[in-house]
Amino acid sequence: MFTGSILIDKFYFVLFLSEFYWKGTMNEIYVDNLDITGVQVNYYFICKTKLWLFSNYIKMEEESELVKLGKLTHQSSYNREEKEVNLGPIKFDFVKRKECLEIHEVKKSKKMKKSHKYQILYYLYYLDQLGIKAHGILEYPKIKEKEKIKLTDSDKKEIKTLIKEIREILNKDTFPSPNWKKICKKCAYREFCFS
Ligand code: SF4
């Protein structure tokens, strides 16, 4: 399922990159081994079972009221921004063009902050692999907090390891055994895992 190269058409870039940022040609771009999505990176930190289930098309997220609430948070807080820019397998909540490209990720609470941070670091890594310099802004509009995130060399090494570990989980024939934890109470997969 997760093999080979991802084809990214320049069309996706022109949605948010001006000539200032984009010095390439009109040719298509191939990005090797970057087929993991930001949601998968996020789930890696939340629950490995969830990561596997979600990645194997067992999707129950649409039914979750929490997911609906998360979407509403985006809509109500950022209705003047250009939203949900797709680039290959990843999707930015919205982007801004400043002196450097700014990738925004909007979350409703800080409870899973580590997963949020790595999600945005993965986006920055992805862009870096394409030769695009950017930084990230992690936003919590409900509590009016923002954090700027920059990709360091040590982050790059960590993200490479992370991608490898995610692939190992996804390549397993079956999902990792579910272990009950606090977040299971509100997880869309709860009945699947524990009924
Ligand atoms: S219910 Fe718990 S174990 Fe199952 S996928 Fe959700 S978080 Fe993971």
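Reader: Which residues of the largest nonpolar core touch the most other members?

Author: First the general idea: in soluble globular proteins, nonpolar side chains tend to be buried together. Now the case here, in a predicted model. The largest nonpolar core has 35 residues. Ile 103, Leu 121, Tyr 122, Tyr 123 and Leu 124 touch the most other members.

Reader: Which elements each supply at least two residues of this core?

Author: They are helix H2 (38–46), H3, S4, S5, H5, S6 and helix H6 (153–170). The largest share comes from H5, with nine residues.

Reader: What is Ile 103 in contact with, leaving aside its neighbours within four places in sequence?

Author: Ile 103 is in contact with Phe 92, Val 95, Ile 120, Tyr 123, Leu 124, Ala 134 and Gly 136. Gly 136 is also the bridge partner of Ile 103 in S6.

Reader: Let us turn to the strands. How do S5 and S6 pair, parallel or antiparallel?

Author: S5 and strand S6 (residues 134–140) pair in the parallel sense. Six bridges join them.

Reader: How many residues of S5 are buried?

Author: Five of the six residues in S5 (residues 101–106) are buried, and the strand is mostly covered. For the chain, buried residues make up 27% of the 195 residues.

Reader: How many helices and strands does the chain have?

Author: Seven helices and seven strands. From the N terminus on, the order is β-α-β-α-α-α-β-β-β-α-β-β-α-α. Look at contacts too. Among those between residues at least 6 apart in sequence, 63% join residues at least 24 apart.

Reader: Now a helix. How should I read one, and which residues of H3 are buried?

Author: The general idea first. An α-helix has 3.6 residues a turn, so residues three or four places apart point the same way. Now H3. Seven of its eight residues are buried, and the helix is mostly covered. They are Thr 49, Lys 50, Leu 51, Trp 52, Leu 53, Phe 54 and Ser 55.

Reader: What do the buried residues of H3 pack against?

Author: They pack against H2, H6 and H7. Just after H3, check the backbone at Tyr 57: its phi is positive, about 65°.

Reader: Which residues are around the ligand?

Author: They are Cys 47, Thr 49, Lys 50, Pro 178, Asn 179, Ile 183, Cys 184, Cys 187, Tyr 189, Arg 190 and Cys 193. By class, the shell has seven nonpolar, two polar and two charged residues. Helix H3 (48–55) and helix H7 (190–194) each supply at least two residues of that shell.

Reader: How do I read exposure for a single residue? Why does Glu 147 count as partly exposed?

Author: Count the C-beta atoms within 10 Å: 20 or more means buried, 12 or fewer means exposed, and in between means partly exposed. Glu 147 has 15 such neighbours, so Glu 147 is partly exposed. Glu 147 is found in strand S7 (residues 145–149). Sequence and space tell separate stories here. Glu 147 and His 104 are 43 residues apart in sequence, with 9.9 Å between their C-alpha atoms.

Reader: Where does His 135 lie, and what does His 135 touch?

Author: His 135 lies in strand S6. Because His 135 has 16 other C-beta atoms within 10 Å, this residue is partly exposed. Not counting residues up to four places away in sequence, His 135 touches Cys 100, Glu 102, Leu 124, Lys 148, Ile 149 and Lys 150. From His 135 to Glu 102, the C-alpha distance is 5.3 Å, at 33 residues apart in sequence.

Reader: One last residue. Is Lys 144 buried or exposed?

Author: Lys 144 is exposed, because 8 other C-beta atoms lie within 10 Å. Lys 144 sits in the loop between S6 and S7. Its phi is positive, about 55°, although Lys 144 is not a glycine.

How values were computed. Residues numbered from 1 in each chain as written. Predicted model: local features only at pLDDT ≥ 70, side-chain atom pairs only at ≥ 80, totals over all residues. Near = placed C-beta within 6 Å. Helix = DSSP H or I, 4+ residues; strand = E, 2+ residues; numbered from the N terminus. Nonpolar A, V, L, I, M, F, W, Y, C, P; charged D, E, K, R; others polar. Contact = placed C-beta atoms within 7 Å. Pairing = 2+ DSSP bridges. Core = buried A, V, L, I, M, F, W, Y, C linked by C-beta atoms within 7 Å.
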